Structure formats: structure tokens, C-alpha cells
Amino acid sequence: MPRADVVVIGAGLSGLACAAELAGSGASVFLAAKGMASTHWTHGGLDVAAPDGASTSRDGIARLAGSAGHPYARMSDHVADAVAAHRARLDGTAVAMVGDLDMPLAPIPTALGALRPAAILPMGQGAAVGPWEGQGLLLLGIGHFRDSWVDYAARNLTAGAWPGGPAEIRAVTADLPGLDARNNLNARTLAVLFDDPAWRARALAAMAAVVPPGAWRIGVPAVLGLEAHAEIHAHAQEVLGGAVFEMPSLPPSVPGVRLFDELRRRITAAGGRIQVGFDVVEVERDGRRVRAIHTEAASRTLRLAADTFVLATGGIAGEGIRAHRGRRLEERVFGLPVTAPNDSEWFSDDPMQPHPIESLGIDVDDHLRPIDPTGQPVLENVRVIGSSLAGMRYLEQRCGDGVAITSAHVVARSLAARSAAA
Ligand SMILES: Cc1cc2nc3c(=O)[nH]c(=O)nc-3n(C[C@H](O)[C@H](O)[C@H](O)COP(=O)(O)OP(=O)(O)OC[C@H]3O[C@@H](n4cnc5c(N)ncnc54)[C@H](O)[C@@H]3O)c2cc1C
């Protein structure tokens, strides 16, 4: 029957960052998650805050902190420390981040040929930001890989407005060795192929053969290796003769998988335990305290007891909160009260825009304990982090990653300080 100082529930960016920081501070940590998280869907960068009109992430944080009920309204003083701690965790690895809170938010191209604002990115995507100064953008696609649409993306980028953008946008496609014989080719399969030095050398030579003469920055699908990414990225720049950046596309997100793998390594190297495939099915309580949770593993139920439980289940997108018929909302682990917009505001008229429903979540106090509508803590030894928190619209405000690592940092630091004092 495992017992830990802290049990973290959820293996998204918030749960992983919290468990890594806690384990690094000497706490015994057990992270249990039902499944993989939004790391495996998203771009693997760090969206800290980019609401409309923000010039830098720091400016974005200030704007969001002024909005009542937003998680940054109570945590904005901790964002810089959290970003520094997160970057320090990843420095020296293949998922090290470039950029900072004061860098101008620059439009970078997506795989569909839209633009999104970004400032802090994994090293392999870093060349997407920065002034273009007369350079062209070359989108280099991979033949037979159905999740990359470089001609479509180039058309969209050329047709849309891109102030200060590239002098020219062009798309080319390279046929890489042996891909025509594969029926099912996704980003992860390609990344594993790139990890093989012999295949990679032939693939990069085929890619170099389609690069036209000129001064290009080259966008490629985000498939440049899982295990040897830093080496492969450097090799690609050398062979293709220009700054190369990865463009994430459909899941599985290879940059997100790399981030997950690196954070998992950090947790286990510091003595923490992490188990994915463990759905929480039962909770033991003692008044306003949780004694233990039970998780359903492959062949048995596992009881996990702890002093503190950190809920990092990702809100509605992570399935930590479910919406039932009749618009009944359920927080699935502890049955916590859920705060949501009025029924009439759940959906916007424009299906292509993020829906207001994404702001639903758990209200918390300054210790990030869940509270009831009167402001009283519902459970004293539970903390809520990440997208489970109420009050943000992460797709519109581009603040989901920043809130994830900041809430993780706030909780990890306060729990570490408490155990040091005990
Ligand atoms: C498709 C998609 C795109 C996004 N794009 C952006 C973006 O561009 N910018 C941005 O800022 N944010 C974006 N987000 C928000 C993103 O969720 C946050 O940025 C951040 O990564 C949230 O992490 P999290 O740890 O809170 O939750 P998640 O990453 O959702 O992780 C939740 C974890 O909890 C686990 N879990 C859930 N229920 C249970 C249970 N009962 N028992 C055990 N485990 C459970 C899940 O299996 C998972 O491991 C996006 C989210 C999604 C889904």
C-alpha cells in the first residue's frame, strides 16, 4: 500500500511540473494519471500569456491579472519565478526553451498556415521567431506524410496579412527513403526513423535536394527525432543550409512527447514515482481531509495514501470535469463544486472560435485549496492546479501553460516549505 507525502493526480504540464519540483525538493511523490495529457496534443512550447493586444508575455500577465477571477489575479507575482524554475529544469536537455517574458510576442506560422503569437519555445522551434529581415520562409513537407500540408499552408500564409513577415513564402516536398511503402505514418513514427543515424543521413540528403537557392528559414514538420532531437536539429541545419524550425501538426505532438519524457525522467531521477493508466475511482475522506485515493490499474485497485493531494486533472479538456446531459457538471475525483459561465454563454456563435465554456473550473483560495461558494475550503489537504482552475480562457488568452507551471510552482514551493518547517 504506497504512501507518499504528496499524491499528484494528472500527468499534464501542471502535474508533471509540480511532481518534478516536489521530488527535487526531497518530498516523496506519487503521480497517478488516467492517461496521457494535452502535452501529446499541443505544440510543446510555453504559452504564458498572449491575450489580444499584449506586446510581451509580461504585458499579457499584467492584463490578465487585472481580470477578476483569472488565476493570474492571485498568482501573477509568481509567474517569473515559475518560468525560471521550469526553464532551469529543462536547460541542457533537447527540450530546453528559448525566449523570455520580455521578448516581443511574434507571429509564428502554424502547420495550417495561420499565425499564432509566441515568445517562449523549445529550442527546435526557436528559429520561427525573430525579425525576418529580407529572408524567405521555405515550408519543407514530407511526401506520404498525410499530417503535413505545406502547399495549403503556404497559400494561406501568402494570402493573409503578416506585417514584418518573410520576403517570400514557398513550399516544397521531399520524398524520404521507404515512406511510400508505409500505410500508417504519423509524426511519432517519423521521429523514431529520424533517431536512426543511417536513415536520417539519407532523409536529410533528400530534403537538401529540394531546397531552392536563396536565403531561407526552413519550417519542417515536428518530427526531428525523439531521443536524439538536439543532435538531429543541428544536423538538419548543417545539411539544409539555413535556420530550421519544427512546425507541430496533428497529434501525437512529438515536441509534447519529448517534454513529457524529459519531465518524467526528472521525477523518477529525484526518487518520485509516476504511473499512467491509473484512473481514480474512489476517495477515502475524514471530514474535510482526504486520507487516500484508490486508482484502477490494469489488474487491481491500488490505494494511495498521502498528506496532500494535488488535483491536476486538466478541467473539461483533460476530462477532470465532465458535462452531463442537462448541463450538470461533475468534478470527477473529489466531487468539488464547479464554477461555470451561465448556460446561455456556454457556446459562441462562431464554431471556429474558442467557446466560453473553457473558463469553467474549480474556485480556490490563496493556497489553491478548493472552496465552496461561501469561500470556505471544501477539502483542507487538496490543492488544485493547471487547467482545472476556474476563470481562464486558455485558447483565447494563450495562458494555459503559464497557469499550469505557475500554479504547480506555488503549490510545490508551499508544500516544500511546510515539510521543511515540520
Ligand atoms: C487540444 C488542446 C489544445 C490546447 N492548446 C493550448 C494552447 O495553444 N495554449 C495554451 O496555453 N493552452 C492550450 N491548451 C491548454 C492546456 O491544457 C494547458 O496549456 C496545459 O498544458 C494544461 O495542463 P494540465 O496539466 O492542467 O492538464 P492536462 O494536460 O489536460 O492533463 C490532465 C491529466 O489528468 C489526467 N486525469 C483526468 N482525469 C483523471 C482521473 N479521474 N484520474 C486520474 N487522472 C486523471 C489525464 O489523464 C491527464 O494526464 C490546450 C489543451 C488542449 C486539450
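Which side chain has an N or O atom 3.1 Å from a nitrogen atom of the ligand? That side chain belongs to Asp 279.

## About the model

This is a predicted model, in which local features need pLDDT of at least 70, side-chain atom pairs count only at pLDDT 80 or more, and totals for chains, interfaces and linings use all residues. Residues are numbered from 1 along each chain as its sequence is written, and side-chain values use heavy atoms, with hydrogens and water left out.

A polar contact is a pair of N or O atoms within 3.5 Å. Asp 279 makes one through its side chain, at 3.1 Å from a ligand nitrogen. Ser 14 also uses its side chain: an N or O atom there is 2.7 Å from a ligand oxygen. Leu 13 uses its backbone instead, with a polar atom 3.3 Å from an oxygen of the ligand.

On its own, the ligand has 980 Å² of accessible area (Shrake-Rupley method, 1.4 Å probe). The protein covers 91% of that area.

## The shell around the ligand

The shell holds 36 residues. The closest are Ser 14, Ser 38, Ser 387, Gly 400 and Asp 401. By class, the shell has 15 nonpolar, 14 polar and 7 charged residues. Here Ala, Val, Leu, Ile, Met, Phe, Trp, Tyr, Cys and Pro count as nonpolar, Asp, Glu, Lys and Arg as charged, and the others, Gly among them, as polar.

Several elements supply at least two shell residues each: α1 (13-24), β12 (279-286), α10 (315-318), α11 (394-397) and α12 (400-421). Helices (H or I, at least four residues) and strands (E, at least two) are DSSP runs, numbered from the N terminus.

## How α4 packs

Helix α4 (79-90) packs against helix α9 (254-269) at about 90 degrees, with axes 10 Å apart. Axes are lines fitted to C-alpha atoms over the stretch in contact, and angles run from 0 to 180 degrees between N-to-C directions. The two helices are therefore roughly perpendicular (65 to 115 degrees). From α4, the contact (heavy atoms within 4.5 Å) uses His 86, Arg 89 and Leu 90. From α9 come Leu 259, Glu 262, Leu 263 and Arg 266.

α4 also packs against α12 at about 90 degrees, with axes 9 Å apart. That makes α4 roughly perpendicular to α12. On the α12 side, the contact is made by Ile 405, Thr 406, His 409 and Arg 413. Its residues divide into 5 nonpolar, 3 polar and 2 charged.

## Two backbone details

The peptide bond from Pro 251 to Pro 252 is cis, with omega near 0 degrees. Pro 252 sits in the loop between β10 (243-247) and α9.

Glu 133 is not a glycine, yet its phi is positive, near 40 degrees. Its loop runs between β6 (121-122) and β7 (136-142).

How values were computed
Near = heavy atom within 4 Å. Polar contact = N/O pair within 3.5 Å; in protein donor to acceptor, adjacent residues only side chain to side chain. Parallel < 35°, antiparallel > 145°, perpendicular 65-115°, else oblique.
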